[in-house]
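Dear colleague,

I am passing on the structure we spoke about, together with its sequence.

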Amino acid sequence: MDAASCCRVFSTQRCRFPLRRLAAPLPRRPLCSEPTSEPFAASTSKRRSRGPVMAAKKAAQGAKQEEGKYKHTVDLPKTSFGLRANSIMREPELQKLWEENQVLKRVSERNTGATFVLHDGPPYANGDLHMGHALNKILKDIINRYKSMDKETLNALTPIKLRQKAAKFAKATVTTQMNSFKRFGVWADWDNPYLTLSPEYEASQLEVFGQMVMKGYIYRGRKPVHWSPSSRTALAEAELEYSENHISKSIYAAFKVTNLSNPALLEEFLPNLCLAIWTTTPWTIPANAAVAVNPELTYAVVELQSVLQSESKSGGNQRKLGNMLSSESRKPFIIVAADLVSALESKWGMKLVIQKSFPGSALEHCRYIHPVNGNECSVVLGGDYITTESGTGLVHTAPGHGQEDYLTGLKYGLPIVSPVDDEGNFTAEAGQFSGLSVLGTGNAAVVKYLDEQCNLILEEPYKHKYPYDWRSKEPTIFRATEQWFASVDGFRNAAMDAIRRVSWFPSQAENRIVAMTSSRSDWCISRQRTWGVPIPVFYHVDSQEPLITEETIEHIKGIVSKKGSDAWWYMTIEDLLPEKYRDKASEYRKGTDTMDVWFDSGSSWAAVLAKRDGLNFPADVYLEGSDQHRGWFQSSLLTSIATTGKAPYSSVITHGFVLDEKGFKMSKSLGNVVDPEKVIVGGKNSKEEPGYGADVLRLWVSSVDYTGDVLVGPQILRQMSEMYRKLRGTMRFLLSNLHDWKPENSIPYSDLPKIDKYALFQLENVVTSMKDSYENYQFYKIYQILQRFAIVDLSNFYFDVAKDRLYVGGRVSFTRKSCQTVLSAHLLYLVRAIAPIMPHLAEDVWQNLPFQHILDDGSVAEYVFNLKWPVRNEEWLSVPKDDVDFLGVILELRSEVNKILESARTGKLIGSSLDAKVYLHAENVNTVSKLKELASANNDADALHRLFITSQVEILPSLSEETKSGVSNAGTFSDERTGNIWIGVTRADGEKCERCWNYTRDVGSFLDHPTLCARCHGVIDLPPVPAAAAVS
Ligand SMILES: [Zn+2]
């Protein structure tokens, strides 16, 4: 808006509307004053609410203004709280304020209610912090800060997961991370973090282990486990990363049948009958112990006929036919699953003619010749894992190299052969392959050997999902070794029961953990590493029998609690053994295995929750990424169930992963990584990477539905910063209009105008909804509620309307005080409602509070976190439903009126909305009486023209055609509750008051102040001017 339109000289334009008396004749100088905050300023509201406010704005912009005569009587907003956050400077100041005054500690001490424990987990690997950390830590902090306001104790635990060998390095990393978390505004007991390498922690972990031993849940066995040749250790499922693009050398091979269990069935095909198998790990063939079939499937003997030339050559790429097919010799009969015959025809490029079909069960106990060692082996019955989705329907079974093979092997008493050493090379047991790497030359050698022996049907590369070592990023293998296991079977039912008693957010997470827990095999807890907590076991030098008893564990635990687990490595066996065994020390050696890191972190409930004062077991909440269903959530559950019979948590919240704005995974190579530090303090180029401050980052965290994967990028952050600015503007409006407020000025609720009661009614409902959403950890709902409330209910309506009452209603008038009563309630409620999400903004508001807020105990609330969540105000909810409904309708009507005002403005009939008069006509009798009631409200707040921000509103008893045709700006509001309401807009009657810009007929009737309306005349509180002087 420009100066010309502000000081508009009204044109000579005449309205032909018969009710209109006269056009305003005189230009008025607007009042000028201090700039004000106009949060949000939606375009319509901006144009409509010009007047003193806009004049002031103009003045601030430097437009030359003559001082208004009544300027000093206008109560413009005032505050030291800036519209610009300047977060990069301000947030660290506020954090320092909290730290220096030990605000967190004092908050915790004041809380006397139940303790709330959010047990912070250690699952993130050390290193640079990324948005995943920010999401995780800020979600926890929002919960903690909310709980601290909700009469409960704040207990944020500080996470550390140490996976490095060097404690010094790990501790340095932890310090760096902590500083970043502090900058995010995360409150925690930073002085007392728990370190998984502290002696107390390690001792607690040994105690958990010891209890599991005593309950018989720990055993040693030779079983196939995930093995990393590159790290030379066993790995747990949670230590694997699955590569989608791994390419294996897959082969189809044929094993020659020697004996039939039912000779009548297939005798005709002997001695030229073979079993066809398919494998992606040819190196496991030397360890073959059986071929398994599914008794439920139908199998067929097929005859290999002519090579289908086109097929065998197409897709020729790296596919290679074995000698068995390409040689001219007589082709054997081959057994495969009947359903796979046509697929195999095209795969092998060969016509397969079915000679006979029979059930899989008929093959049990058939014998075949081992293709490498020449021994006779058996066909066995496997389970559902044998399908016709791929392969041949017959499964090469090596119990030393596969979980299902192992179980099938147990059933048939098959040998567990695993001729592979720690580095992934064949051992002497593998004969001619000895010394070769199973993932390299050894694999190729096996294939070559099979081909030479005419066992190979076809070889081809095969792309599939394959487990890699999460540390070395190298492929792993399945390999049977002697390991320590926790028998999940021993307490699986108890675990399943406990899962059902835990609250899972989102609820689908329960299905995930149920599926993972019900199907998981025994937990291999031993690792072949030189760091970590040792498995406290001695082995008899001769018999290799392990020595592990209550006394040995207890003794070692005592040592570790004082000296740390390093003692296991440097102390002698004599000293590590309890008294009773000491004289036999020479007969024993120390075990060198350490515990799975998931056993370390899975024991945190025992080391922290159960040990530290003021904490509870179980914890109220565990909150981590959804990958922890197979990680920390599960390892914690298993150790806790095994030893205490209870889950270590009452609720578990999971969040998804952070992706870029387009939904892609963030990676350095794609250049789409969002760095939380940069979001807070900005990058090198502040235009491209502005620093938004921690609260904008936190607002983003609150805005996303974190139960799935979440998106972030420059565009989204800009939106967040815009929303932050709007919320800041809302808070600034409240602060600045309460600059002269004192709580004792409050107007009693029963005396408040309807519109003020309605505002408090909405406030109470909004805050209640926000509380529900905090309780249910659905922060994105709070974000949505806040956005709507601040923009639609406050900025576009209540604040918009309030300006007249606040600025020109009179400093000590009822209308201003009543409005301030409502605004102070909004300030005190909203500052608390936003504090968990935007603590810096809330504290900044609080530090600029223009009045003192006294707490229940009589003390002054110095910091926002001294406050508790607002107590539900039943009185505010007592507005009659009829009034609530009708005011709701009025707001809709107001939108319609605004549209017509806007078109009148565009048509140059009016400048500001105060230049207008609104006519309403309703047919519904009830509507008419209610509109009349509001139109004639004498409290200067409820009056309809105030709600519309026009100078007048008149309810027409009837609507003639003449009236209709005389009004060029008109429209109709239709609603089933009110019937049709006709709306017409003309210029206002009377003259414009110099002070408030409202048009009234009484301007000019006061001799002492001829340019003022009656309201302004009554509130300016100036010394009376003698009538004579005025006349002269
Ligand atoms: Zn006035």
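What follows is a summary of what was found, arranged by topic.

The model is predicted, and for that reason local features are reported at pLDDT of at least 70 and side-chain atom pairs only at pLDDT 80 or more, whereas totals for chains, interfaces and linings use all residues. Residues are numbered from 1 along each chain as its sequence is written, and side-chain values rest on heavy atoms, with hydrogens and water left out.

Metal site

The zinc ion has as its protein donors the SG atoms of C993, C996, C1013 and C1016, at 2.2 to 2.4 Å (donors are N, O and S atoms within 2.8 Å of the metal, or 3.2 Å for Na, K and Ca, and since water is not among the atoms, sites may look incomplete). The angles among the four donor atoms run from 105 to 113 degrees, and the site is tetrahedral, a label given to four donors if all angles lie between 85 and 135 degrees. Along the sequence these donor residues follow the spacing C-x2-C-x16-C-x2-C. C993 and C996 are both buried, with C996 at 1% relative accessibility; here buried means under 20% relative accessible area, exposed over 50%, and partly exposed in between, with a 1.4 Å probe and protein chains only.

An unreviewed UniProt entry annotates residues 990-1016 as "domain: Zinc finger FPG/IleRS-type"; its positions are given in the numbering used here, feature names are shortened, and such annotations may be inferred rather than shown by experiment. In the model, this span is 11% helix and 15% strand, and its end C-alpha atoms are 15 Å apart. Helices (H or I, at least four residues) and strands (E, at least two) are DSSP runs, numbered from the N terminus.

Salt bridges and cysteines

The search of the whole structure returned 54 salt bridges, each defined as a side-chain nitrogen of Lys or Arg within 4 Å of a carboxyl oxygen of Asp or Glu. One of them pairs D120 with K137, whose closest N and O atoms are 3.4 Å apart. Because D120 sits in the loop between strand 1 (118-119) and helix 6 (131-149) while K137 belongs to helix 6, this pair ties together parts that are 17 residues apart in sequence. D120 is buried at 5% relative accessible area, and K137 is buried at 6%.

A salt bridge also joins E624 and K140, at 2.9 Å from N to O. Since E624 lies in strand 23 (residues 619-625) and K140 in helix 6, the parts tied together here are 484 residues apart in sequence. Both E624 and K140 are buried.

In the salt bridge between R492 and D489, the closest N and O atoms are 2.7 Å apart; R492 is buried at 14% relative accessible area, whereas D489 is exposed at 55%. Elsewhere, salt bridges with shared partners link R90, E93, R728 and D844 into one network.

The search for disulfides (pairs of cysteine sulfur atoms within 2.5 Å) found zero in the whole structure.

Backbone features

Most residues other than glycine have a negative phi, and most peptide bonds are trans. The peptide bond from L270 to P271 is cis, with omega near 5 degrees, and P271 lies in the loop between helix 9 (263-266) and strand 5 (273-279). Another cis peptide bond joins F505 and P506, with omega about -5 degrees; P506 is placed in the loop between strand 16 (503-505) and helix 16.

H365, not a glycine, has a positive phi of about 70 degrees; H365 lies in the loop between strand 10 (350-359) and strand 11 (367-369) and is partly exposed at 46% relative accessibility.

Helix 31 (residues 881-906) has 26 residues and spans 38 Å from its first C-alpha to its last, close to the 38 Å expected at 1.5 Å a residue, the expected span being 1.5 Å times one less than the number of residues. Just after helix 31, K908 adopts a positive phi of about 65 degrees. K908 is exposed at 63% relative accessibility and lies in the loop that leads from helix 31 to strand 27 (916-922).

Notes: Tetrahedral: all angles 85-135°; square planar, octahedral: opposite > 155°, others 65-115°.
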